[in-house]
Amino acid sequence: ELQDIYKRFYIGTPNELEVLHGISIHVTEGEFVSIVGPSGCGKSTLLGLLTGILSPEEGSIKIHYKQKGTQSFYGYMLQQDHLLEWYDIWDNVCLGPKINHCLDNACKEYLHTLLTRYQLDSFAHKKPSQLSGGMRQRAALIRTLAMKPELLYLDEPFSALDYQSRLNAADDIGKIIQKEGKTAVLVTHDIGEAISLSSRVLVLSKRPATIVKEFVLP
């Protein structure tokens, strides 16, 4: 829940760049909400605020977790898949639990289930360079799901793919998120992508961004 969020970047005294102007958003459990708007309007900045990487100048952000005290409340999927090229796919998807010292047998079984469910089990010991763009994105999502986050933040995760691969990857990842019952917030400049994946679409204006329209989708 974001209430009257203002975000400015200071680009040298006394100059400031206002990016977000009075943004209020409420996302409920199980929703898939997309945020669209022109390039440079502050979509990625909004995700930075939701993750706590950035702080607003004004306004409040409240996130209500079911799993108090867990290590990972949200998963953050960026524009590039950032798979480690010197690791195979299995080592890549195990990275989060390994860093957090929770890669036990139950976690390994869960990851094996995800790889099998989403047709990557036969590629578990391949290097990322041996996978197609869409398969790499699926692997990146499984790596994001490894810590069982309640929330998923997706920052234009298909933008590096060609058009046909984008369609396929968006369809795959939309189905995975729905099947896993996750709450998701996607930022994208692709209106078709937003419509095909979301239950609700918020449209931002050019910078300083305000919400100019909201569409609830069947």
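User: How many aromatic pairs are there by the rule?
Analyst: The count comes to 2 aromatic pairs. The rule takes rings of Phe, Tyr and Trp (its six-membered ring) with centres within 6.5 Å; planes under 30 degrees apart are stacked, over 60 edge-to-face, the rest tilted. This is a predicted model, where local features need pLDDT of at least 70, side-chain atom pairs count only at pLDDT 80 or more, and totals for chains, interfaces and linings use all residues. Residues are numbered from 1 along each chain as its sequence is written, and side-chain values use heavy atoms, without hydrogens and water.

User: What kind of pair do Tyr74 and Tyr153 form?
Analyst: A tilted one, 5.4 Å centre to centre with 45° between the planes. Tyr74 is in strand β5 (residues 74-77) and Tyr153 in strand β6 (residues 151-155), so the pair ties together parts 79 residues apart in sequence. Strands here are DSSP runs of E, at least two residues, numbered from the N terminus.

User: Is Tyr153 buried or exposed?
Analyst: Tyr153 counts as buried, at 2% relative accessibility. Buried means under 20% relative accessible area, exposed over 50%, partly exposed in between (1.4 Å probe, protein chains only). Tyr74 is partly exposed at 28%.

User: And what about Trp86 and Tyr87?
Analyst: Their ring centres are 6.2 Å apart and their planes at 70°, so that pair is edge-to-face. Trp86 is exposed at 62%; Tyr87 is partly exposed at 25%.

User: New topic. Where does Ser205 lie?
Analyst: In the loop between β8 (200-204) and β9 (211-216). Ser205 counts as buried, at 18% relative accessibility.

Notes:
Helices (H or I, at least four residues) and strands (E, at least two) are DSSP runs, numbered from the N terminus.
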